[in-house]
Amino acid sequence: VNTIHLENNQIVSVADEINQLANLQYLFMRENSLTTYSPGMCQLPVLDVLDTSHNQITTLPDEVCTLTS
C-alpha cells in the first residue's frame with residue numbers, strides 16, 4: 001500500500017501500528033476529528049505527503065522535526 005485516502009470520516013485517532021506500512025508515501029486524512037499526531041505517523045520512512053488539514057490539531061510532536069521526506 002502506498003496511498004491511503006481517509007478524508008471526511010470523523011476519525012479521532014490513528015493507531016501507532018500505522019508505522020508498519022513501510023511503503024506508505026501518501027496519507028490523506030483531511031476533514032476528520034484528529035487532535036494530535038500518532039507517533040506512528042512520524043515513523044513512516046518513505047512518506048512524502050501527509051494531509052491533515054481541517055482537523056483540530058493544535059501542536060506538532062517533536063518527531064515531526066525528524067521527518068526527511
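Reader: What does Leu34 touch, not counting residues up to four places away in sequence?
Author: With those sequence neighbours set aside, Leu34 touches Ile11, Val12, Ser13, Val14, Met29, Thr52, Asn55, Gln56 and Ile57, where a contact means heavy atoms within 4.5 Å. This is a predicted model, in which local features need pLDDT of at least 70 and side-chain atom pairs count only at pLDDT 80 or more, while totals for chains, interfaces and linings use all residues. Residues are numbered from 1 along each chain as its sequence is written, and side-chain values use heavy atoms, with hydrogens and water left out.

Reader: OK, and which residues make up the largest nonpolar core?
Author: That core has twelve residues, namely Ile4, Ile11, Val14, Ile18, Leu24, Leu27, Met29, Leu34, Tyr37, Met41, Leu44 and Leu47. A nonpolar core is a set of buried Ala, Val, Leu, Ile, Met, Phe, Trp, Tyr and Cys residues joined through side-chain atoms within 4.5 Å.

Reader: Why does Ile4 count as buried?
Author: Ile4 counts as buried because its relative accessibility is 19%, and buried means under 20% relative accessible area, with exposed over 50% and partly exposed in between, using a 1.4 Å probe and protein chains only.

Reader: Where is Ile4 found, and what is it in contact with beyond four places in sequence?
Author: Ile4 is found in strand β1, residues 3-5, and, leaving aside its neighbours within four places in sequence, Ile4 is in contact with Leu21, Leu24, Tyr26, Leu27 and Phe28. Strands are DSSP runs of E with at least two residues, helices are runs of H or I with at least four, and both are numbered from the N terminus.

Reader: How far apart are Ile4 and Met29 in space?
Author: Their C-alpha atoms are 8.4 Å apart, although Ile4 and Met29 are 25 residues apart in sequence.

Reader: Switching to Asp51, is that one buried or exposed?
Author: Asp51 counts as buried, because its relative accessibility is 18%. Asp51 lies in strand β3, residues 49-51, and touches Leu27, Phe28, Met29 and Arg30 when residues up to four places away in sequence are not counted.

Reader: And the chain overall, how many helices and strands does it have?
Author: The chain has zero helices and three strands. Its radius of gyration is 11 Å, close to the 11 Å that the globule rule gives for 69 residues, so the chain is as compact as a globular protein of that length; the radius is taken over C-alpha atoms, and the rule is 2.2 Å times the number of residues to the power 0.38.

Reader: What share of the residues count as buried?
Author: Of the 69 residues of the chain, 30% count as buried.
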